[in-house]
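Work through the exercises below with the sequence and the model side by side. Each task is followed by a solution that goes step by step.

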Amino acid sequence: MKLKIFIFVTAIAIGTGLYAQNLTFTVKDVTFTMIKVKGGTFMMGATNEQGTLAHEGEKPVHKVTLSDYYIGETEVTQELWEAVMGNNPSNFKNPQNPVERVYYDDIVNEFFPELNRLTGKHFSLPTEAEWEFAARGGNKSKGYKYSGSNKINDVAWYHDDYNVYIYETHPVKSKQPNELGIYDMSGNVNEWCYGWYGDYNNTPKVDPKGPSKGSYRVIRGGSWIDYSRYCRVSYRFSTTPDDHNDATGFRLRLGAK
């Protein structure tokens, strides 16, 4: 049986704007969308709206300039992981929930090579700077504390929802998107980023990849088990590459060229 793979370009109307040039892919009947992020310059780190919750790892605030790229409309779902890998490692089983309990090395060395073979593209993890720029809403940013709102309940599944929600992952796209039409960049699951964790400095950066070596990887966004302060767009986590748990997944990145 031949594997059916369909790749096409679409324009998606979200909110009041038309986000043209987004890309939609279908692999084994599982469809996912990549949101076009127009390059630009932003201030990365503990900007004013983050308030007193910002910690030293988010400082100093520094200027970053990024080229165009695409980022996943949602986290990688369990159905997409299973379509590519043939298994589902997640604890909270639901095809539309984010995949979790995935190792950094398995994502980079197994999932991406297979997805790239199937699609003929070059998917990867977003860099930490690309992740934060997209979470802030890119060039359409309104300066929110969380990805898409200052009211976290509008955009995130997180631990502060006492007596309201069951504590587990939730289906993607079940909260509001941010300014670019991207979902769940605050809450639901933490997201692996490309590269190693390192301290910030004041030097302006252009398309930074992060440190070339280190002991800890970067995860971003907060999760269903985290309090709201950990779901802010500037908050940074670090963890060992062999960490895997039911609160961490990932999101796709694709170059624009």
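**Exercise 1.** How many aromatic pairs does the count come to?

Solution. The model is a predicted one, in which local features need pLDDT of at least 70 and side-chain atom pairs count only at pLDDT 80 or more, while totals for chains, interfaces and linings use all residues. Residues are numbered from 1 along each chain as its sequence is written, and side-chain values use heavy atoms, with hydrogens and water left out. Rings of Phe, Tyr and Trp (its six-membered ring) pair if their centres lie within 6.5 Å, and planes under 30 degrees apart count as stacked, over 60 as edge-to-face and the rest as tilted. By this rule there are 14 aromatic pairs. One of them joins W81 and F250 edge-to-face, with 6.0 Å from centre to centre and 80° between the planes. This pair links distant parts of the chain, since W81 belongs to helix α1 (residues 78–85) and F250 to strand β12 (residues 248–250), 169 residues apart; helices (H or I, at least four residues) and strands (E, at least two) are DSSP runs, numbered from the N terminus. Both W81 and F250 are buried, where buried means under 20% relative accessible area, exposed over 50%, and partly exposed in between (1.4 Å probe, protein chains only). Ring pairs also bring W81, F111, F112 and F250 together in a cluster.

**Exercise 2.** Describe helix α1 and the residue that comes after the helix.

Solution. Begin with the buried residues of α1, which are Q78, L80, W81, A83 and V84. An α-helix has 3.6 residues a turn, so residues three or four places apart point the same way. After α1 comes G86, whose phi is positive, near 80°.

**Exercise 3.** Which strands pair with β6, and which residues are bridge partners?

Solution. Two strands pair if DSSP finds at least two bridges between them. Strand β3 (residues 30–37) runs antiparallel to β6 and is joined to β6 by 4 bridges, with Y69 as the bridge partner of V37. Strand β13 (residues 253–255) pairs with β6 over 3 bridges, also in the antiparallel sense, and here L254 is the bridge partner of Y70. Within β6 (residues 69–72), Y69 and I71 point one way and Y70 and G72 the other way, and all are buried.

**Exercise 4.** Is S90 buried or exposed, and what does the side chain of S90 lie beside?

Solution. S90 is placed in the loop between α1 and α2 (104–119), and S90 counts as buried because its relative accessibility is 2%. A polar atom of the S90 side chain lies 3.1 Å from the backbone nitrogen of E100. Contact means heavy atoms within 4.5 Å, and, leaving aside neighbours within four places in sequence, S90 is in contact with Q78, P98, V99 and E100.

**Exercise 5.** Which residues have the most contacts inside the largest nonpolar core?

Solution. A nonpolar core is a set of buried Ala, Val, Leu, Ile, Met, Phe, Trp, Tyr and Cys residues joined through side-chain atoms within 4.5 Å. The largest has 29 residues, and those with the most contacts inside it are F32, M34, F111, F123, F250 and L252. At least two residues of this core come from each of β2, β3, α1 and α2, and α2 gives the largest share, 6 residues. A second, separate core of 20 residues includes M44, Y69, A129 and W131.

Conventions. Polar contact = N/O pair within 3.5 Å; in protein donor to acceptor, adjacent residues only side chain to side chain.
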